[in-house]
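User: I would like to go through this model with you, starting with how its elements pack. Please keep the answers plain.

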Amino acid sequence: MDQFLDTFLNWEYIWQVFPDLLKTGLLNTLILAGASAVIGTVLGMVLAVMGLSTKRWLRWPARVYTDIFRGLPAILTILVIGQGLGTVARDVVGTNPYPLGILALSLIAAAYIGEIFRAGIQSVDKGQLEASRALGMSYRNAMVKVVIPQGVRRVLPALVNQFIALVKDSSLVYFLGLLVGQRELFRIGQDLAANTGNLSPLVAAGFVYLVITVPLTHLVNHIDKRLRVGKKVAADTPDLVTSGTVRS
């Protein structure tokens, strides 16, 4: 037991790594996950619209893209983009792997987010689109102003879950060899663990991951509950019918 505690809960190493985890690792992890989430959401919406198109030349490329990036292991995609594309894009990004790491995570996220959006849009009753068209709205306006907003609202919990996955997947970017100031949580913990031969720094990094993901998990549950049960009406809110506000 003492050996276990010394290997995984050595407070000397934990306190030693915490400043770098909070100052450098946390910031870079949030940048990687946040930037990837924004780009992945935009690309995902494009993929969802393409996937719902009646035109095969739009629908099939979206399907193939989704199957490939959902089927490949994330680490393989990151290595192919970061090392393979890095040799081609060296004139643009130089030797800095940070942008390529964001690109790889964004492409992976887009495949999952696109499916989330597609499922959400398809869950909206077809009568919503038909009613909008009956009111004189074009198909494009009906989709943008009526159908898509309802579909996005329904999949908010799934989108937050995808962001949680991105936070954890950002640890895989360390395979690209980030610079000292670009290291994310896992890389900082791993570096000190390798130098000391003790795994306590990795446990400290895991704790910081929990600080990020656990509140987001509870946020997902809260959003899901609000969407399912709706907003409660206050007890002292006057009833519009009985108060005479609504009249026939």
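User: How are helix 3 and helix 6 set to each other, oblique or roughly parallel?
Analyst: In this predicted model, with residues numbered from 1 along each chain as its sequence is written, the axes of helix 3 (residues 56-71) and helix 6 come within 9 Å and cross at roughly 125 degrees. The two helices are therefore oblique to each other. Angles under 35 degrees count as roughly parallel, over 145 as roughly antiparallel, 65 to 115 as roughly perpendicular and the rest as oblique. Axes are lines fitted to C-alpha atoms, for helices over the stretch in contact, and angles run from 0 to 180 degrees between N-to-C directions.

User: Which hand does the crossing of helix 3 and helix 6 have?
Analyst: Helix 3 passes helix 6 in a left-handed crossing. A crossing is left-handed if the near helix is turned anticlockwise from the far one by less than a right angle, and right-handed if clockwise.

User: And which residues make that contact?
Analyst: Helix 3 contributes Arg 63, Tyr 65, Thr 66, Phe 69 and Arg 70, while helix 6 contributes Leu 107, Ile 108, Ala 110, Ala 111, Tyr 112, Glu 115 and Arg 118. Contact means heavy atoms within 4.5 Å. The residues divide into 7 nonpolar, 1 polar and 4 charged. Here Ala, Val, Leu, Ile, Met, Phe, Trp, Tyr, Cys and Pro count as nonpolar, Asp, Glu, Lys and Arg as charged, and the others, Gly among them, as polar.

User: What about helix 6 and helix 9: at what angle do they cross?
Analyst: The axes of helix 6 (residues 98-122) and helix 9 (residues 156-169) cross at roughly 160 degrees and come within 10 Å. That makes helix 6 roughly antiparallel to helix 9. The crossing is right-handed. On helix 6 the contact is made by Leu 105, Ala 109, Tyr 112, Ile 113, Ile 116 and Phe 117, and on helix 9 by Ala 158, Leu 159, Gln 162, Leu 166 and Asp 169. These residues divide into 9 nonpolar, 1 polar and 1 charged.

User: Staying with helix 9, is Ile 164 buried or exposed?
Analyst: Ile 164, found in helix 9, is buried, with a relative accessible area of 8%. Buried means under 20% relative accessible area, exposed over 50%, partly exposed in between (1.4 Å probe, protein chains only).

User: What does Ile 164 touch?
Analyst: Not counting residues up to four places away in sequence, Ile 164 touches Thr 213, Leu 216, Thr 217 and Val 220. Ile 164 and Tyr 209 are 45 residues apart in sequence, with 9.6 Å between their C-alpha atoms.

User: New topic: where is Ser 200?
Analyst: Ser 200 lies in helix 11 (residues 200-229). It counts as buried, at 0% relative accessibility. Its side chain makes a polar contact with the side chain of Asn 198 (2.6 Å). A polar contact is a pair of N or O atoms within 3.5 Å; within protein, one must be able to donate a hydrogen and the other to accept it, and residues adjacent in sequence count only if both atoms are side-chain atoms. Local features need pLDDT of at least 70, side-chain atom pairs count only at pLDDT 80 or more, totals for chains, interfaces and linings use all residues, and side-chain values use heavy atoms, with hydrogens and water left out.

User: Finally, how many helices and strands are there?
Analyst: The protein chain has 11 helices and 0 strands. Helices (H or I, at least four residues) and strands (E, at least two) are DSSP runs, numbered from the N terminus. Buried residues make up 38% of the 248 residues.
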